[in-house]
Amino acid sequence: MGKKAAVLGVSSIFLVAMVVAAVVTVTRKNGEAATDGAAGSNGGITTTTKAIKSICQPTDYKDTCEKSLGSAAGNTTDPKELIKVAFQVAVKNIGEVMKNSTVLQQAAKDPSISDALENCHELLDYSIADLQRSFEKLGNFEISKLDAYLADLKTWLSGAVTYQQTCLDGFENTTGDSGEKMKKLLKTAGELTSNGLAMVSQFSTILQNLGVPGLGGVSRRLLSDVSSDGFPSWVSEGSRRLLQASPESVKPDVVVAKDGSGKYKTINEALKDIPLKSNTTFVIYVKAGIYEENVEFSNQMRNVILIGDGPTKTKITGNKSKVGGTATFKSATVAANGDGFVAKNIGFENSAGSEMHQAVALRVSSDMAVVYNCQIDGYQDTLYAHVHRQFYRDCIITGTIDFIFGDAISVFQNCKMVVRKPLDNQSCMVTAQGRKEHFETTGIVLQNCTITAEPDVLTASPPVKVYLGRPWKNFSRTIIMNSQIDSVIDPEGWAPWAGTAYLDTLYYAEYNNRGPGAVQTKRVTWPGIKKITADDAAGYTAAKFLFGDDWIPKTGVPYNPGM
């Protein structure tokens, strides 16, 4: 565990150093002379000190930032030397973390802690991967492509933050002080990752503060010409045909069928056919039937398209749950970790039931993921929109408590959210967004959706209280716009998480909705409730919030880039 946290620290500091390197390199190219020593001959600060102070200015942990870079940098102004210094600081941090990783010894004594540690190993590997691809992306930095680079960097750094937090969440309700010890172990790595996100989020401002000219936006292909079938005119016919075609007309790479008419009878058997780290689309066609299995697509299984015969004809079902002894993160019936995951015409179910509490039907941790014409059924925590960019279109999602939750950058278009009857004395919340850092670009957006309920919810006595959402983490962000909200929603609209926690820092907005549940006259008036304009709402459309024009049309899924 100590090694994982330490490597995370290495990656975090390396990212910081790469940002500094980019700033110093650009500054030097624009004619600013470098000076050796802590101060120049005129008493002014060095290029190194100026770069470090400028880049640390927007962070929430300035002391950690400046000490991790400044105290060890010495007289160097060479970007390569700054990177070496960053590793030296990280090596020291590795030693300190490893000395204090006593939580490892506790693992053998308590199964719940052992499970939490095992999940942390996986989650921190994912966090490291996001940090690594961030500094690799930054290594190819070009001012002219600033917007495109920042979109990727902020997505992945937000992911790195969330993976660490998911690790810590796994220690909730464990015995002893293991959770607090793990929190302390990850403190420095967490601060460095947060600082990296802050720096990237303010990158344009930082460069301007250093007097770097030539900042400009990146030109993007606009989707102004959208045909009646929902596809932009320039989308390739091949992509269009693949997603529009019936299963019978698609040539899959592997067929799964319970009746034996395919290559395999289970989806898990088909996983071994998926080429790892591939940039080529791999299509799995799952014929009609109920598949009782838990399926996980690893982060190396990329560009997988999972196609069924219909959301009610092809169903993957499982029943893992928190009460049943499985952590929420691992309870998913289907989990997608590899980038470019697409699901079409298929059902995902967790049948554990309300009494088993957290029980995920589908967890998506894939970047640039698309879920189209699917049904996702469960009770508490049905859909875990965990991290990265995700687009949902024409889906039905059912559940009771927090049944759409997570910290992805997610947009739901033309979807139906159906509230199910909970246990006695329970309230229901449609969303529970988990944005932890205010620099994260994450949030849940429901656009042109319908929020309704099953008949037994509407006739329940006493009535079931149903809310649009509640704040899972500090800076929870949810926007509901142009949607039908039925009378099942309580007039107050939103529920608290615990007392007054996060009510000042959350961001909840409703715009141009319709239906009896959309009336806002009795809504809660917390400081975090926002009244937004049409221009504000446009910022949460798929084109702008997801930078969707760059990747969603390529999948061939119907897509509305704007309002």
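**Close-up views of a predicted model**

**View 1. Arg470 over the ring of Trp497.** Arg470 lies over the face of Trp497, 4.0 Å from the ring centre. A charge counts as sitting over a ring if NZ of Lys or CZ of Arg is within 6 Å of the ring centre and within 35 degrees of the ring normal. The charged end of Arg420 likewise sits over a ring, that of Tyr379, at 4.3 Å from its centre. The model is predicted: local features need pLDDT of at least 70 and side-chain atom pairs count only at pLDDT 80 or more, while totals for chains, interfaces and linings use all residues. Residues are numbered from 1 along each chain as its sequence is written, and side-chain values use heavy atoms, with hydrogens and water left out.

View 2. An unreviewed UniProt entry places the feature "active site" at Asp402; UniProt positions are given in the numbering used here, feature names are shortened, and annotations may be inferred rather than shown by experiment. Asp402 is in strand β16 (residues 401-406). Helices (H or I, at least four residues) and strands (E, at least two) are DSSP runs, numbered from the N terminus. Asp402 counts as buried because its relative accessibility is 4%; buried means under 20% relative accessible area, exposed over 50% and partly exposed in between, with a 1.4 Å probe and protein chains only. Residues up to four places away in sequence aside, Asp402 touches Asp381, Met429, Val430, Thr431, Ala432, Arg470 and Trp497, where contact means heavy atoms within 4.5 Å.

**View 3. Aromatic pairs.** The whole structure holds nine aromatic pairs. Rings of Phe, Tyr and Trp (its six-membered ring) pair if their centres lie within 6.5 Å; planes under 30 degrees apart count as stacked, over 60 as edge-to-face and the rest as tilted. Phe391 and Tyr559 are an edge-to-face pair, with 5.6 Å centre to centre and 85 degrees between the planes. Phe391 lies in strand β14 (residues 389-393) and Tyr559 in the segment after α15 (542-545), so this pair ties together parts that are 168 residues apart in sequence. Phe391 is buried at 0% relative accessibility, and Tyr559 is buried at 2%. Trp494 and Tyr508 form a stacked pair, 4.2 Å centre to centre with 20 degrees between the planes. Trp494 lies in the loop between β24 (484-485) and β25 (507-511), and Tyr508 in strand β25, so the pair ties together parts 14 residues apart in sequence. Trp494 is buried at 2% relative accessibility, as is Tyr508 at 0%.

**View 4. Leu362 and its contacts.** Leu362 is in strand β10 (residues 362-364) and is buried, with a relative accessible area of 0%. Beyond its neighbours within four places in sequence, Leu362 is in contact with Val334, Phe348, Val371, Ile376, Thr382, Leu383 and Tyr384. Of these residues, Tyr384 forms one aromatic cluster with Phe405 and Trp472. The C-alpha atoms of Leu362 and Gly378, 16 residues apart along the chain, are separated by 9.3 Å.

**View 5. The buried face of helix α8.** Ser178, Met182 and Leu185 are buried in helix α8 (residues 178-185). Seen down the axis of α8, its buried residues fall within an arc of 55 degrees, so they line one face of the helix. The arc is that of the directions from the helix axis to the C-beta atoms.
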